[in-house]
Amino acid sequence: MKMRNDSLATTQKSHVLNKISERTFRISKMIFNKRAVSNAVSTTILAGAVIALSLAVFAWSESRSEDYNQEFSETVDAETARLKEKLVFEYVSYGNPSYDIAVYLLNCGTIDDVEIKRVYVANDTWLQTCSTPILYFLDHTEIPDQDLDVGEEGYLVLTLSSTLSSGYYNVQVVTIRGETFGAKFLV
Amino acid sequence: MARNSWFKKIWAGRSKGVSTVIGTVFLILIIFMVTTNVLLWSFLKNAEYNRAVMERNEEEAQRSTEKIAVSDVSYNAEAGSVWVEGIVTNEGPVPVQIKTLWVLDKTTQKHGYNDMVDINLKAGDTLNFTESKALIVAIDGLDDNSSDAFASWFVTARGNLIPLEEEHKWIQYNITNINNTSGGYPKVVLGALMLDLENFRYFTYASYDQLGNYPSGIRGYNAPAATDLAFGCFLTNVDPANRTIVLDSHSLMWFTLPVSDVPHNRWWYIVNVADDGTISSSYSNVILDHGETELIVFASAADIGDLGFLRQDTPKRGVPVSVFLLIHGTIGGQPYGQNIPFVSLYIEP
């Protein structure tokens, strides 16, 4: 029995020693085996580089797509706002009392802040342009923000460089958003 | 597990392809996220734009379905303002808000507006704006009880312009006359003139230049042959644009005679006649203001403005003739000419 116990203890000891020597060998191999260390390091570096590069590319792509989205949004928003604009010519008066043209407008669209950028008066052979004319309410007071909100009526006066001969004339109003509205009047 | 196996692979010195895998995964992630982001955003903005287009189309549809009828319109001028009366009915399927009333004085070309109207009409609603509810529009320089002609229109909140048509007396007359069971001729409107078919007449002469039975004459559609006669008819200025009509000396009444294959004609030029029936040897233009009715006399064989007055006789034998009015002059200051088929006569032998 005792012999058997001694033999078991010896076996265990030798197993432990084997393990220790194996681990020592591995550690020493790890320490002294330059090829394996450089492989791990290079793999880590390569993976890190790939991750970093990927993140950079991702950030750049996101930035570009955000720019694109922003630009697309602005274009669509501008088009949508332009679509909502609607001006109606209530009356176009000429020559009473002076030889000016008074254009009476109503904003019957669904968007506020309709600003007038330019007004054209023309017939087949003649054209006059007026930039950023002054807008007045129908009670003849100047509109403070120089735009027509939804449901607002106002008028603008165009001073002509010469009197108009008789016939039909076109008057066209261009808004800041780029929409164009036109009417004809008879002199 | 996969991560452990990567580490094991690296540990075991078999790390080939790890970076490729990582790079590929990132690439796929980047592509997926970027495209998803852009596509979703595009869809969102497209939906917004499409909604705006739909709303715009709906507004246009509603704008085009607005239908307003304005009847019994009349204007009463006071110093500096005009009172507009009438009845407005919403005949369309959508509610209508009337924002502004515009009035144009067509005589002076001055305009005015009342932007405090604010009439709201549901589908089928009617509103009378008469007497104390009349809409008042200020027009600079308008005289009290001015006879100026006016045009007016409503502006709705949707941007429609609704013209107000003035009720015309001659239309009322026609309707009354058509419904008159005792008979009579309706009056005929051609262009700017209304012709009274019933009161066509001819005049005989008391002396060379004096009509014997002026102004009553002899009413009818038979006239004696080979007799010096003058003819008269009532014309009314019904120009829709309310302009004044001026008839010059070239206006005449024209007979055509179906007597052979060669056309035969007779004509009587317009003349001025005094109250006692005397025909003037010169001619001053006949002026027909809007709505005015006047007995016009055709008597001279020649244009008085060129050759003075010459009597004209009727055809020499029994024959039916067609009668035309050749009107010449100005309307609203602009040149005017109209050839009007009028009555037919039988020349009695």
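Visitor: Is His140(A) buried or exposed?

Guide: His140(A) has 7 other C-beta atoms within 10 Å, so it is exposed. This is a predicted model, in which local features need pLDDT of at least 70, side-chain atom pairs count only at pLDDT 80 or more, and totals for chains, interfaces and linings use all residues. Residues are numbered from 1 along each chain as its sequence is written, while chains are lettered from A and ligands numbered from 1 in the order in which they are written.

Visitor: Where does His140(A) lie, and what is its phi?

Guide: Elements here are DSSP runs numbered from the N terminus: helices are H or I with at least four residues, strands are E with at least two. His140(A) belongs to the loop between β5 (135-137) and β6 (153-159) of chain A. Its phi is near 75°, a positive value in a residue other than glycine.

Visitor: Which residue of chain B has a positive phi near 50°?

Guide: Glu131(B), which is not glycine either. Glu131(B) sits in the loop between β6 (126-129) and β7 (135-138) of chain B. With 8 other C-beta atoms within 10 Å, Glu131(B) is exposed.

Visitor: Is Leu142(B), in turn, buried or exposed?

Guide: Leu142(B) is buried, because 23 other C-beta atoms lie within 10 Å. Its place is in the loop between β7 and β8 (150-156) of chain B.

Visitor: With which residues is Leu142(B) in contact, beyond its neighbours within four places in sequence?

Guide: Two residues are in contact if their C-beta atoms, placed from the backbone, lie within 7 Å. On that basis Leu142(B) touches Ala77(B), Ala79(B), Gly80(B), Ser81(B), Val82(B) and Asp105(B). A C-alpha distance can be given as well: Leu142(B) and Glu78(B) are 64 residues apart along the chain, and their C-alpha atoms are separated by 7.0 Å.

Visitor: Which peptide bond in chain B is cis?

Guide: The one from Tyr214(B) to Pro215(B), where omega is near 5°. Pro215(B) is found in the loop between β14 (210-211) and β15 (218-219) of chain B.

Visitor: How many helices and strands does chain A have?

Guide: Chain A has two helices and eight strands. Along the sequence they follow the pattern α-α-β-β-β-β-β-β-β-β. Of its 187 residues, 17% count as buried. Among contacts in chain A with a separation of 6 or more, 57% come from residues 24 or more positions apart.

Visitor: What is the strand order in the open sheet of chain A?

Guide: Strands pair if DSSP finds at least two bridges between them. Four strands of chain A form an open sheet in the order β1-β2-β6-β5, with antiparallel pairing. Its edge strands are β1 (87-94) and β5, each of which pairs on one side only. From one strand to the next the twist averages 30°, an angle taken between N-to-C directions on a scale from 0 to 180 degrees, using axes that are lines fitted to C-alpha atoms (for helices over the stretch in contact). Three bridges link the antiparallel strands β5(A) and β6(A), and Tyr136(A) stands opposite Tyr155(A) in β6(A).

Visitor: Which strand of chain B is joined to β17 (residues 230-237) by six bridges?

Guide: That is β22 (residues 293-300) of chain B, which runs antiparallel to β17(B). Phe231(B) stands opposite Phe298(B) in β22(B). Strand β20 (residues 264-271) of chain B also pairs with β22(B) in the antiparallel sense, over three bridges. There, Tyr269(B) faces Ser300(B) in β22(B).

Visitor: How many residues does each chain bring to the contact between them?

Guide: Chain A brings 35 residues and chain B brings 33. On the side of chain B, the elements that give two or more residues are α2 (18-65), β3 (96-105) and β4 (110-114). α2(B) gives the most, with 19 residues. That side divides into 15 nonpolar, 10 polar and eight charged residues; Ala, Val, Leu, Ile, Met, Phe, Trp, Tyr, Cys and Pro count as nonpolar, Asp, Glu, Lys and Arg as charged, and the others, Gly among them, as polar.

Visitor: Where in chain B is confidence lowest, and where highest?

Guide: The score is pLDDT, the predictor's confidence in each residue, from 0 to 100. Chain B averages 84, and 88% of its residues score at least 70. Confidence is lowest in helix α3 (residues 169-178) of chain B, at a mean of 43, and highest in strand β12 (residues 201-203), at 93. Over residues 169-183 of chain B pLDDT stays under 50, and the model has 11 contacts beyond four places in sequence for them. For the complex, the predictor gives an ipTM of 0.72 and a pTM of 0.61.

Note on methods:
A residue is buried if 20 or more other C-beta atoms lie within 10 Å of its own, exposed if 12 or fewer, and partly exposed in between; C-beta atoms are placed from the backbone.
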